Amino acid sequence: MQQGNGGISGPNIATPGSTITVKVSNGEKTVTVTGGGKMKDYPVVNGEATVEVPTDVPAGQSFWVFAKKGKDTSYLRVEVVEI
């Protein structure tokens, strides 16, 4: 799924404790994950970043992945689901 300015895409659901891979097409070198009141940066390598689902985001809630390039911010909202 692609959201927010088209610079980032990836899954829109994830399970607790897992990782997801997001594709970054705006040339940014890092992405920032926010959720549960914390922020963590992850490197973008060859246009992709592997990010951890924040441990303090329970099932039924969401976290966000941001890639900011200049004045443009791309984002992806990911809902945490229990399977």
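This is a predicted model: local features need pLDDT of at least 70, side-chain atom pairs count only at pLDDT 80 or more; totals for chains, interfaces and linings use all residues.
Local features are given at pLDDT of at least 70 and side-chain atom pairs at pLDDT 80 or more, while totals for chains, interfaces and linings use all residues. Residues are numbered from 1 along each chain as its sequence is written, and side-chain values use heavy atoms, with hydrogens and water left out. The chain has 0 helices and 9 strands. Helices (H or I, at least four residues) and strands (E, at least two) are DSSP runs, numbered from the N terminus.

**Overall form**

- The order of elements along the sequence is β-β-β-β-β-β-β-β-β.
- The radius of gyration, taken over C-alpha atoms, is compared with a globule rule of 2.2 Å times the number of residues to the power 0.38.
- For 83 residues a compact globule would have a value near 12 Å, and the chain agrees, with 12 Å.
- Along the principal axes, the C-alpha atoms fill a box of roughly 35 × 20 × 20 Å.
- Of the contacts (heavy atoms within 4.5 Å) with a separation of 6 or more, 49% are between residues 24 or more positions apart.

**Sheet**

- An open sheet of 5 strands runs in the order β3-β9-β8-β5-β6, with mixed pairing.
- The edge strands are β3 (13-14) and β6 (38-43); each has a single partner strand, so one side of each is left without a neighbour in the sheet.
- Two strands count as paired if DSSP finds at least two bridges between them.
- Strands of a sheet pair through backbone hydrogen bonds, either parallel or antiparallel.

**Pairing of β8 and β9**

- Strand β8 (residues 62-69) runs antiparallel to strand β9 (residues 72-80), and 8 bridges join them.
- Within this pair, Ala 67 stands opposite Ser 74, and Trp 64 stands opposite Arg 77.
- The hairpin of β8 and β9 has 2 residues between the strands, and Gly 70 there takes a positive phi near 60 degrees.

**Pairings of β5**

- Strand β5 (residues 30-35) pairs with β8 in the antiparallel sense over 3 bridges, and Val 33 has Val 65 as its bridge partner in β8.
- With β6, strand β5 also pairs in the antiparallel sense, over 6 bridges; Thr 32 stands opposite Asp 41 in β6.
- In the hairpin of β5 and β6, with 2 residues between the strands, Gly 36 has a positive phi near 65 degrees.
- β5 is mostly covered, with 5 of its 6 residues buried.

**Burial, surface and charge**

- Relative accessible area sets the classes: buried is under 20%, exposed is over 50% and partly exposed is in between (1.4 Å probe, protein chains only).
- By this scheme, 37% of the 83 residues count as buried.
- The chain exposes about 4,900 Å², 49% of it supplied by carbon and sulfur atoms; areas come from the Shrake-Rupley method with a 1.4 Å probe.
- There are 8 positive and 8 negative side chains, and the centres of the two sets lie 8 Å apart.
- Lys and Arg count as positive and Asp and Glu as negative, without His and the chain ends; charges are placed at NZ of Lys, CZ of Arg, CG of Asp or CD of Glu.

**Two loop residues**

- Asn 12 is in the loop between β2 (8-9) and β3 and is partly exposed, with a relative accessible area of 33%.
- Asn 12 and Arg 77 are 65 residues apart in sequence, yet their C-alpha atoms are 6.2 Å apart in space.
- Asn 46 is in the loop between β6 and β7 (48-52) and is exposed, with a relative accessible area of 78%.
- Most residues other than glycine have a negative phi. Asn 46 has a positive phi, near 50 degrees.
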